Amino acid sequence: QVHLVESGGGSVPAGGSLRLSCAVSGYTLSSSSSMFMGWFRQAPGKEREGVATIWTVHGTTSYADSVKSRFTISQDNAKNTLYLQMNRLKANETDMYFCAASLRGIGAGLFKSRSYQHWGQGTRVTVTS
């Protein structure tokens with residue numbers, strides 16, 4: 001069973017940076033088995049929005065248009081941890097951020113939450129203006 005634990009959230013002024021971490025257990029990121037991982041965010045009353053994904057076996061990344069050139073998703077196989085580096089944060093990016101994993105492909109699409117079977121509990125990011 002894949003278990004995900006996010007950390008690194010907090011409060012930052014607009015234009016600032018944060019790095020989120022997602023510790024993975026129950027699966028080895030360096031495994032030759034294919035796993036997709038992603039970072040999502042969700043505001044109260046809104047749908048969960050995918051912002052960045054990575055295909056762990058190849059390191060191939062994808063980003064939502066709204067975060068391209070500002071966010072970077074990466075993995076550290078030695079630490080079995082996923083990261084999201086967020087730069088030039090905007091006030092409207094205040095959300096709960098979640099990491100997610102799928103071992104069954106991405107049938108519904110890379111940025112669709114229903115494509116992922118495993119979720120962390122989330123970490124809150126507050127961007128102050």
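Residues count from 1 along each chain as its sequence is written, and because the model is predicted, local features need pLDDT of at least 70, side-chain atom pairs count only at pLDDT 80 or more, and totals for chains, interfaces and linings use all residues. Side-chain values use heavy atoms, with hydrogens and water left out.

Let's start with strand β11, which covers residues 123-128. Strands here are DSSP runs (E, at least two residues), numbered from the N terminus. On β11, T123, V125 and V127 make up the covered face, while R124, T126 and T128 sit on the uncovered one. In a regular strand the side chains alternate between the two faces of the sheet.

Strand β11 has pairings with β2 and β9; two strands pair if DSSP finds at least two bridges between them. Here's how those pairings look:

| Partner of β11 | Sense | Bridges | Residues standing opposite |
|---|---|---|---|
| β2 (residues 10-13) | parallel | four bridges | G10 and V125 |
| β9 (residues 95-102) | antiparallel | three bridges | Y97 and T123 |

The structure holds one disulfide (a pair of cysteine sulfur atoms within 2.5 Å). C22 and C99 form it, with their sulfur atoms 1.9 Å apart.

How accessible is C22, buried or exposed? C22 is buried, at a relative accessible area of 0%, where buried means under 20% relative accessible area (1.4 Å probe, protein chains only), exposed over 50%, and partly exposed in between. C99 counts as buried too, at 0% relative accessibility.
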